[in-house]
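Trainee: I would like to learn how to read a model like this one. Could we go through it feature by feature?

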Amino acid sequence: MAALALVATTLSDVLMRTVAHRAVNWAFDLQTQYLMIALYFLTVAYAQRQRTHIAIEIGQPLISRFGGRVWDVIVDALSLVFIGILTYWTFVSFWRSWLSQELGEPTLPWPVWTSEIIVVLGFALTGLRLLIQIIDQVVEIARTDVSREPALLEEEI
């Protein structure tokens with residue numbers, strides 16, 4: 001939805017500049033303060049679910065499949081801590097904006113908290129996705145029979 005709204009506001013701004021020789025004053029602020037923020041932060045949890053984030057695979061070929069699963073849990077747990085901190089601090093910023101009723105730019109004088117809540121929601125959803133993945137991975141590790149996992153050297157042969 002945010003991507004379509006970005007296209008629609010850009011198109012309307014270009015048409016207004018071309019046809020009426022007047023800019024849509026609020027279009028840029030709407031795009032930068034709401035739509036781009038929503039487009040990014042509300043898709044991070046989905047990208048985490050699909051595991052399409054950048055991953056560092058140095059040393060990955062040197063460990064067994066079981067070790068790789070354990071490593072994924074460690075990385076996801078560290079990511080969850082980091083996302084938790086970001087969620088907390090963005091919530092604090094949101095709450096301060098809510099209490100002060102701080103307004104945005106004069107061309108789009110909406111309360112700032114309305115864009116900050118999108119960031120909080122995006123981080124919270126990403127944290128929830130990480131927590132679900134960690135639980136799934138731990139259950140999978142607990143069900144794995146390590147004695148049946150091929151050794152590193154056996155995998156190469």
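Mentor: Start with helices: helices (H or I, at least four residues) and strands (E, at least two) are DSSP runs, numbered from the N terminus. Gln137 lies in helix H5. This is a predicted model, in which local features need pLDDT of at least 70, side-chain atom pairs count only at pLDDT 80 or more, and totals for chains, interfaces and linings use all residues. Residues are numbered from 1 along each chain as its sequence is written, and side-chain values use heavy atoms, with hydrogens and water left out.

Trainee: Is Gln137 buried or exposed?

Mentor: Buried means under 20% relative accessible area, exposed over 50%, and partly exposed in between (1.4 Å probe, protein chains only). Gln137 has a relative accessible area of 13%, so it is buried.

Trainee: Which residues does Gln137 touch?

Mentor: Contact means heavy atoms within 4.5 Å. Leaving aside residues up to four places away in sequence, Gln137 touches Arg51, Asp72, Val73 and Asp76.

Trainee: How does Ile74 compare with those cut-offs?

Mentor: Ile74 sits in helix H4 (residues 65-100). Its relative accessibility is 39%, so Ile74 counts as partly exposed. Between Ile74 and Ile134 there are 8.7 Å in space, C-alpha to C-alpha, and 60 residues in sequence.

Trainee: How are two packed helices described?

Mentor: By the angle between their axes and the distance between the axes. Axes are lines fitted to C-alpha atoms, for helices over the stretch in contact, and angles run from 0 to 180 degrees between N-to-C directions. The axes of H2 and H5 come within 9 Å and cross at roughly 5°. Angles under 35 degrees count as roughly parallel, over 145 as roughly antiparallel, 65 to 115 as roughly perpendicular and the rest as oblique. H2 and H5 are therefore roughly parallel to each other. Among the residues making the contact are Tyr34 and Phe41 of H2, and Ile118 and Phe123 of H5.

Trainee: What is a nonpolar core?

Mentor: A set of buried Ala, Val, Leu, Ile, Met, Phe, Trp, Tyr and Cys residues joined through side-chain atoms within 4.5 Å. The largest one here has 7 residues: Leu6, Leu30, Tyr34, Leu35, Ala38, Leu108 and Ile118. Helix H2 (residues 27-41) supplies its largest share, 4 residues.
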